[in-house]
Amino acid sequence: MRIGMHRWLLLAVLAAGLLGSISAAAAEPLNVVATFSILQDFVKQVGGGEVAVQALVPLGADPHTWEPSPREAALLADADLVVANGGGFDDWLLRLVRNAAKPGVPVLLVAEELGPAEGGGSHHGHDHGADPHLWLSVPNAISYVETIAAFLAEVSPERAAVFAERSSAYIDELRALDAKLTQELGQIPPEQRVIITYHNAFSYFAERYGFAVVEFLVRNPDAEPNPRDLGRLVGLLQRLEKPAVFSEPQLTSGARYLEALARDAGAEVYVLFSDSLTAEVPTYVQMMEYNLRVLMEALR
Ligand SMILES: [Zn+2]
């Protein structure tokens, strides 16, 4: 796909003074800050030893509702460049950049380079609504990696060949992952292809891997579910042969609502990863393979 580069190119031009200082110290790794662990992994895969990348949101915490502390301000103050999702997912970053980052530091909002992430995009029969979790579809993750590689190469052209080589090897791995997900999830009976989660995260995943129904209790984790939706989902679950709901590791109060729904509907509770890696599931590829195993166990 064609990647729109205009926005961060402009930022890069504004940061011309900074770029000079990066070139002068090419032996030092690029200091990259990503908002959350999944983007941190993508940057690590592309940059290898040429980058030192930190995530602002710690492993296992919720990027939607994150309240930045002095630790994050300090990490950002040292950043040569910043990678975020955008699309309403990690909006708190922009305030933090204004307050704590070096002036003119290049900021990449990856999802916004990919297409209509924000607001009401509906295609192929799935309404993505305000779902900013584009990375849960592996072809989108490949676009993230291409966009990040182009961004890193623009900021540090002397390392462009390394970024190109590493991203191409990683994209091969992601293509194999996509094929595996398509093949294995294709074995789930059509009437069991239902994903019910706490928040609106899996619309891109569902569209890519052929899930007919993707439902959630709240659009965004800062909201509370309403009783009517709970009632509707109980009805939906009771019609399934293997009713299942999917919690997420970063949920705090949300998990409670999902457990109540499962009790009312006689459903099992499983865990899917969406917004954060953990020490046990430390990479994007491992996260998607974990989700694959869970879905096969829960629904097949
Ligand atoms: Zn989320």
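This is a predicted model: local features need pLDDT of at least 70, side-chain atom pairs count only at pLDDT 80 or more; totals for chains, interfaces and linings use all residues.
Visitor: Which residues make the contact?
Guide: From α4 you have Glu72, Ala73, Leu76 and Ala77, and from α5 there are Leu96, Val97 and Ala100. By type, that contact divides into 6 nonpolar residues, 1 charged and no polar.

Visitor: Nice. What else does α4 lie across?
Guide: Helix α4 lies across β1, β2 and β3 (81–84), and runs at about 160° to β2.

Visitor: So in what order do the strands of that open sheet come?
Guide: The order is β2-β1-β3-β4, an open sheet of 4 strands with parallel pairing. At the edges sit β2 (51–55) and β4 (107–109), each of which pairs on one side only. From one strand to the next, the twist averages 20°.

Visitor: How many bridges are there between β1 and β2?
Guide: There are 5 bridges, with β1 (residues 30–34) and β2 paired in the parallel sense. To find one of them on screen, look for Leu30, whose bridge partner in β2 is Val51.

Visitor: And which strands does α7 touch?
Guide: Helix α7 packs on the sheet and touches β1, β2, β3 and β4. The direction of α7 makes about 170° with that of β3.

Visitor: Changing topic: which protein donors does the zinc ion have?
Guide: The histidine donors are His64, His133 and His199, each through NE2, and Asp275 is listed with two OD entries. These donors lie 1.9 to 2.8 Å from the zinc ion. The spacing of the donor residues in sequence is H-x68-H-x65-H-x75-D.

Visitor: Why does the pair His133 and His199 tie together parts apart in sequence?
Guide: His133 is in the loop between β6 (126–127) and α7 (138–155), whereas His199 is in strand β7 (residues 194–199), so the pair ties together parts that are 66 residues apart in sequence.

Visitor: Last one: do β9 and β10 run parallel or antiparallel?
Guide: They run parallel, with 4 bridges joining β9 (residues 244–247) to β10 (residues 268–271). Ala244 stands opposite Glu268 in β10.

Visitor: What sort of unit do they make with α11?
Guide: Together β9, α11 (residues 253–265) and β10 make a β-α-β unit, and that unit is right-handed.

Methods
Residues are numbered from 1 along each chain as its sequence is written. Side-chain values use heavy atoms; hydrogens and water are left out. Contact means heavy atoms within 4.5 Å. Helices (H or I, at least four residues) and strands (E, at least two) are DSSP runs, numbered from the N terminus. Ala, Val, Leu, Ile, Met, Phe, Trp, Tyr, Cys and Pro count as nonpolar, Asp, Glu, Lys and Arg as charged, and the others, Gly among them, as polar. Two strands pair if DSSP finds at least two bridges between them. A crossover is right-handed if, with the strands pointing away from the viewer, the path from the first strand over the helix to the second runs clockwise. Donors are N, O and S atoms within 2.8 Å of the metal (3.2 Å for Na, K and Ca); water is not among the atoms, so sites may look incomplete. Axes are lines fitted to C-alpha atoms, for helices over the stretch in contact, and angles run from 0 to 180 degrees between N-to-C directions.
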